[in-house]
Amino acid sequence: MDAAMDLMRRISPKQSETALSALLSLLPHHSADLLSQVDQPLQVCMDEESMKEFILCEYNRDADSYRSPWTNKYYPPLEDGPLPSIELRKLEVEANEVFAVYLDQYYEGGVSSVYLWEDDNQGFVACFLIKKDGSKTGHGRRGYLQEGSWDAIHVIEVGPEEEGTARYCLTSTIMLSLTTENKPSGTFNLSGSIRRQWQRVICVTWGE
């Protein structure tokens, strides 16, 4: 398992899906660990009701359907898919509106999605996702890249620790892939990924 994870850290994000499929065939008894620990380049779907794109990932997936943060509906339709509580749904809607503004101002376009759900420890988890296609035919506004993508996954876990304190754990993963091509310098390709984690216990008034 350690060797498999070490290999995935060195694989280009453009080839990670093929590499993960091969590892799942070689190590079927580690399938759950591989699927939960290996981040894949993000995919995008259209919410047909709001006519807004949203990001597909393991955090908004149930079976083969994905929940849209814009309408709280699953695509393809799923009758009994899990939904956040009323309180978390209100926070999720506000977070998506704010994050969309941040995306446009900082990334100059792209697709963002924020998902919130309760965990088993009387806390909640929030996932902030960004996908930017920087190629000439994608979300890029400058047109410098032949191909290019930026995938960002930020997962924040919040839960009670002791009386008057809460534990915050942030796990961030960035996947980058870009290709430029021009006559003076020829073809240049760069890709890679990085994951970092940060934890802290903070004094809070829990539940208020």
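1. In this predicted model, Ala19 has its place in helix H2, which covers residues 16–26. The relative accessible area of Ala19 is 16%, and because the threshold for calling a residue buried is under 20%, Ala19 counts as buried. As for its position relative to another alanine, Ala19 lies 15 residues from Ala4 in sequence, while the C-alpha to C-alpha separation of the two in space is 9.7 Å.

2. Turning to the sheet, three strands make up an open arrangement whose order is E3-E4-E5, with antiparallel pairing. Its edges are strand E3 (61–62) and strand E5 (74–75), each of which pairs on one side only. Strand E4, residues 65–67, is joined to E5 by two bridges, the two strands running antiparallel, and Tyr66 stands opposite Tyr75 in E5.

3. Which residues have the most contacts inside the largest nonpolar core? They are Leu42, Phe54, Leu129 and Ile153, in a core that has 15 residues. The elements that contribute two or more residues to this core are strand E2 (52–56), strand E6 (111–118), strand E7 (124–133) and strand E8 (147–160).

Conventions:
Residues numbered from 1 in each chain as written. Predicted model: local features only at pLDDT ≥ 70, side-chain atom pairs only at ≥ 80, totals over all residues. Heavy atoms only, no water. Helix = DSSP H or I, 4+ residues; strand = E, 2+ residues; numbered from the N terminus. Buried < 20%, exposed > 50% of the residue type's maximum accessible area, 1.4 Å probe, protein only. Pairing = 2+ DSSP bridges. Core = buried A, V, L, I, M, F, W, Y, C linked by side-chain atoms within 4.5 Å.
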